[in-house]
Amino acid sequence: MRVYSPQERPFTEIRNAAVAIALIGTGQQHLGILFKTDLGGEVKLGDLAWHHDLRERNPKEHYLWIDPPISPIRALQVAVRCRQVLKANQTGIPYGFSPPNDCFDQETARFLLGTSGVGLTCATFVLAVFQSAGVKLAILNTWPEKRAGDEKWVDSICESLLKDGVPAEHVEALRKNPGARYRPEDVAGCAAADKVPSAFELANTLGLQILQKLLALNKPLESS
Amino acid sequence: MNEPLMLSARANRPFTLKDLWRDTARDTTTPDERPLNRQVLVSAGRQQQAGKEDYLIVLSWLCACIPSGEEEAGEDAENNLRILLREFRTIKRHYRPSSNWWLIEWPDANWQSADLMVVPARFPREETRSVAFFEPIIRLDRQGRIHSALDLLYDRIDHYLREARFSDVDSLLAHTDIASLSTSVIVGLLTATLPAKSKLPSRANLFKAAEALIRKRGEWEDNLLTGLEP
């Protein structure tokens with residue numbers, strides 16, 4: 001698997017763009033996109049940290065990074081699209097469980113709040129940015145509608161959103177139609193596969209291996 | 001007037017003679033950094049650009065609305081650029097079709113910069129538009145700043161898609177000499193235009209030409225263009 005800690009291979013070795021995953025608490029992972037810039041090969045992390053909290057920041061050492069199985073030239077386009085999406089959505093993107101396809105406006109790169117567009121998670125944000133650069137990481141319709149633990153997770157997310165003052169209507173919309181859950185480790189598993197797009201079974205298997213590596217490092221972040 | 005001339009206007013600083021490029025495809029260096037205003041321009045025209053009266057008419061008109069060196073752009077920078085483009089369009093309307101030159105513009109997204117060109121009529125219009133579009137992108141790429149080059153490419157394409165100027169973008173795709181572009185920029189062009197592919201009939205030919213050219217260059221990799229198909 002092409003999964004590295006920054007101690008094994010520093011972030012500066014990414015081939016223009018990569019997927020990054022970290023533990024942020026017991027049973028909770030976080031996902032983002034690492035991308036290079038022209039500024040001395042500087043590497044930034046673009047991630048949806050929470051409701052309307054889209055960030056561009058320096059990646060912390062706790063992240064593992066996954067080198068996706070795409071040409072560096074295509075990874076370059078992912079990096080550009082990621083910067084565009086960050087720039088176009090400076091007020092953030094709502095947190096939610098919308099499917100990660102066609103969720104950025106074709107012409108402005110802004111997040112679309114269409115009939116089914118409620119918001120994204122950190123993991124579907126990564127899928128959506130790659131897809132907007134023409135790179136499909138996952139075969140979406142192979143994901144199971146519901147897995148053990150999903151319901152509890154949805155409840156805990158909804159409670160946290162309400163606690164943070166997110167409007168009840170938004171949270172209610174999330175509860176009504178959570179859909180399939182693309183977990184951070186699943187999406188990391190897609191990027192670790194030998195080719196993309198990846199079906200659920202393989203992505204999940206690789207994702208669990210990545211999770212084991214993360215747990216072995218045992219360095220959860222204080223916050224996302 | 002013999003060659004196309006370009007004024008590269010940036011919203012965040014006054015314009016200087018350095019912003020003028022003569023024959024943009026080859027020579028991008030002009031040592032003079034004096035602030036660009038009507039007086040400096042006419043003086044430069046007399047000394048260096050003798051015989052380019054048409055060009056002086058256009059740019060003198062434009063310079064009447066450009067902030068001089070003393071008038072820093074500041075908070076009005078974006079507005080200055082809008083005024084400049086409005087005047088540019090007025091000139092276009094006023095002189096067409098009797099003039100022996102024509103004007104093209106490539107304003108960027110967010111109104112931070114624009115490339116304006118005065119082109120003799122004998123130059124092929126669409127091909128020259130393409131040159132004007134890609135000139136700063138190629139320059140950045142050759143300077144080793146591929147991320148900045150692609151940021152600019154995506155911004156420009158998005159600007160035109162946002163204004164629903166699909167025929168302009170399609171014309172660009174049809175008339176671009178992709179041999180002058182690096183493989184990264186060619187793939188960038190296909191990626192930036194991907195969302196609007198159904199409205200860009202020339203993109204299919206560009207895709208075929210791109211694949212053939214990249215193979216010829218020996219830069220082909222499996223799945224290089226997967227997901228970008230017409």
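Reader: How are α4(B) and α5(B) oriented to each other?
Author: This is a predicted model. The axes of helix α4 (residues 125-142) of chain B and helix α5 (residues 146-162) of chain B cross at roughly 160°. Angles over 145 degrees count as roughly antiparallel. The two helices, α4(B) and α5(B), are therefore roughly antiparallel.

Reader: What is the handedness of the crossing of α4(B) and α5(B)?
Author: The two axes come within 7 Å. The crossing of α4(B) and α5(B) is left-handed.

Reader: How many residues of the contact of α4(B) with α5(B) are nonpolar?
Author: From α4(B) come B:F133, B:P136, B:I137, B:L140 and B:D141. From α5(B) come B:I146, B:S148, B:A149, B:L152, B:L153 and B:R156. One residue of this contact is polar and two are charged; the nonpolar ones number eight.

Reader: What span should α5(B) have, at 1.5 Å a residue?
Author: α5(B) has 17 residues.

Reader: How many residues of α5(B) are buried?
Author: A residue is buried if 20 or more other C-beta atoms lie within 10 Å of its own. By that count α5(B) is mostly covered. Of its 17 residues, the number buried is 13.

Reader: Which element gives the most to the side of chain B that touches chain A?
Author: The contact takes 23 residues from chain B and 21 residues from chain A. On the side of chain B, the elements that give two or more residues are α5 and α7 (183-192). With nine residues, the one that gives the most is α5(B).

Conventions:
Residues are numbered from 1 along each chain as its sequence is written. Chains are lettered from A and ligands numbered from 1 in the order in which they are written. This is a predicted model: local features need pLDDT of at least 70, side-chain atom pairs count only at pLDDT 80 or more; totals for chains, interfaces and linings use all residues. Axes are lines fitted to C-alpha atoms, for helices over the stretch in contact, and angles run from 0 to 180 degrees between N-to-C directions. Helices (H or I, at least four residues) and strands (E, at least two) are DSSP runs, numbered from the N terminus. Angles under 35 degrees count as roughly parallel, over 145 as roughly antiparallel, 65 to 115 as roughly perpendicular and the rest as oblique. A crossing is left-handed if the near helix is turned anticlockwise from the far one by less than a right angle, and right-handed if clockwise. Two residues are in contact if their C-beta atoms, placed from the backbone, lie within 7 Å. Ala, Val, Leu, Ile, Met, Phe, Trp, Tyr, Cys and Pro count as nonpolar, Asp, Glu, Lys and Arg as charged, and the others, Gly among them, as polar. The expected span of a helix is 1.5 Å times one less than its number of residues. A residue is buried if 20 or more other C-beta atoms lie within 10 Å of its own, exposed if 12 or fewer, and partly exposed in between; C-beta atoms are placed from the backbone.
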